[in-house]
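Here is a protein model to explore. Take a look at the sequence and the fold, then read the briefing below.

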Amino acid sequence: MELPLVVGVDGSESSMRAVDWAADEAALRGVPLRLVYASLWERYEGAALADGLGRPPEQVIADDIVEAAAQRAHRRHAGVKISTDVLPEEPAPALLRAGNEAFALVLGSRGRSGLAELLLGSVSLAVAARAYCPVIVLRGSQDNRAGAGGHRRIVLAVGEEPDDPAAVRFAVAEARARGCAVEAVRAWRRPAHEALGHPLSSRRAARLHEERATEALEAVLSGAPPDVELRRRAVEGPARKVLLDASATADLLVVGARRRPGHSGLQLGRVAHAMLHHSACPVAVVPHRG
């Protein structure tokens with residue numbers, strides 16, 4: 001049984017753009033699409049009202065939202081199998097549970113709260129920080145087409161501990177489905193005391209750090225299949241700035257995230273957190289345990 005691609009919907013324009021992107025992604029991957037709306041309307045409307053008047057108003061709204069989303073996805077890709085769910089639960093826990101039986105989760109950058117486009121919504125952040133499946137968060141200003149990106153480049157962020165292949169596999173699969181290249185990017189920096197030393201020794205130190213970054217890139221991509229174009233780029237500078245710059249000319253930015261069993265707090269590193277808030281392209285957070 002194929003795991004579906006799950007997209008969270010709430011009627012906001014951001015979530016409807018996520019539906020478009022997810023429909024494209026489902027068509028590219030050949031997987032079903034599941035649209036999920038979650039809200040605790042029963043807590044606010046009351047069970048008695050629901051029994052006496054039929055469906056409570058919030059449920060009527062929810063049903064209308066998922067139906068509109070399903071019609072939108074069907075118009076975009078009639079061949080994609082689509083299912084819908086309206087769940088009387090808090091959105092983040094409901095989506096996290098849906099992610100346990102999903103190929104991936106797709107979310108808009110913000111919901112109906114009206115927060116500025118530059119800020120990531122609390123639900124999207126909580127899900128990206130805790131899900132055990134890949135989570136793709138669409139930045140609000142981005143084009144909503146998954147397969148027709150103009151840059152034809154998937155950027156893979158290679159961090160300090162490039163020891164898990166999950167993010168690499170995800171990036172390669174995305175590139176294969178889209179027919180584009182994977183560019184693995186590793187940022188490197190010289191310690192301050194090395195930069196302030198003798199110019200000759202400083203240059204040697206810089207070459208050493210760059211060589212180590214290049215070796216890390218080679219190690220990460222050593223097992224990648226030969227049918228996808230692979231590029232390697234070691235860049236001097238803070239990781240957040242390097243990756244944000246790279247996102248400006250990418251169709252998708254893929255970052256890894258460790259999951260610590262039993263840890264209930266946010267499980268995102270500073271770099272992944274910054275990418276989710278400020279990336280110029282959609283961000284895929286791919287978890288690995290450790």
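The side chain of serine 124 reaches the backbone oxygen of glycine 108 at 2.6 Å. That is a polar contact, a pair of N or O atoms within 3.5 Å; within protein, one must be able to donate a hydrogen and the other to accept it, and residues adjacent in sequence count only if both atoms are side-chain atoms. The model is predicted: local features need pLDDT of at least 70, side-chain atom pairs count only at pLDDT 80 or more, and totals for chains, interfaces and linings use all residues. Residues are numbered from 1 along each chain as its sequence is written, and side-chain values use heavy atoms, with hydrogens and water left out.

**Serine 124**

- Serine 124 sits in helix 6. Helices (H or I, at least four residues) and strands (E, at least two) are DSSP runs, numbered from the N terminus.
- Serine 124 counts as buried, at 7% relative accessibility. Buried means under 20% relative accessible area, exposed over 50%, and partly exposed in between (1.4 Å probe, protein chains only).
- Leaving aside neighbours within four places in sequence, serine 124 is in contact with Leu107, Gly108 and Ser109. Contact means heavy atoms within 4.5 Å.
- Serine 124 and glycine 8 are 116 residues apart in sequence, yet 9.1 Å apart in space, C-alpha to C-alpha.

**Helix 5**

- Which residues of helix 5 are buried? In this helix (residues 91–99), they are Ala92, Ala94, Leu95, Ala98 and Gly99.
- Seen down the axis of helix 5, the buried residues fall within an arc of 165°, so they line one face of the helix. The arc is that of the directions from the helix axis to the C-beta atoms.
- An α-helix has 3.6 residues a turn, so residues three or four places apart point the same way.
- The cover over these buried residues includes strand 1 (5–8), strand 2 (33–38), strand 3 (82–87), strand 4 (104–108) and helix 6 (122–130).

**The aromatic pair**

- A search of the whole structure finds one aromatic pair. Rings of Phe, Tyr and Trp (its six-membered ring) pair if their centres lie within 6.5 Å; planes under 30 degrees apart count as stacked, over 60 as edge-to-face and the rest as tilted.
- The rings of phenylalanine 103 and phenylalanine 170 have centres 6.4 Å apart and planes at 20°, so the pair is stacked.
- Phenylalanine 103 lies in the loop between helix 5 and strand 4, and phenylalanine 170 in helix 7 (residues 166–178), so the pair ties together parts 67 residues apart in sequence.
- Phenylalanine 170 is buried, at 6% relative accessibility.
- Arginine 29 lies over the face of phenylalanine 170, at 5.3 Å from the ring centre. A charge sits over a ring if NZ of Lys or CZ of Arg is within 6 Å of the ring centre and within 35 degrees of the ring normal.

- Is arginine 153 buried or exposed? Arginine 153 is buried, with a relative accessible area of 7%.
- Arginine 153 belongs to strand 6 (residues 153–157).
- A polar contact of 2.3 Å joins its side chain to that of glutamate 183.
- A polar atom of the arginine 153 side chain also lies 2.7 Å from the backbone oxygen of alanine 246.
- Beyond four places in sequence, the contacts of arginine 153 include Cys180, Arg231 and Asp251.
- Arginine 152 is in the loop between strand 5 (135–138) and strand 6. Arginine 152 counts as partly exposed, at 45% relative accessibility.
- Arginine 152 has a positive phi of about 55°, although it is not a glycine.

**Lysine 81**

- Lysine 81 lies in the loop between helix 4 (57–76) and strand 3.
- Lysine 81 is exposed, with a relative accessible area of 65%.
- Leaving aside neighbours within four places in sequence, lysine 81 is in contact with Pro32 and Leu33.

**Whole protein and confidence**

- The protein has eleven helices and ten strands. Of its 290 residues, 49% count as buried.
- The average pLDDT is 84, and 80% of the residues score at least 70. pLDDT is the predictor's confidence in each residue, from 0 to 100.
- Among the elements, strand 1 has the highest mean pLDDT (97) and helix 3 (residues 47–53) the lowest (48).
- Over residues 113–119, pLDDT stays under 50.
- Where pLDDT is low, the predicted coordinates should not be read in detail.
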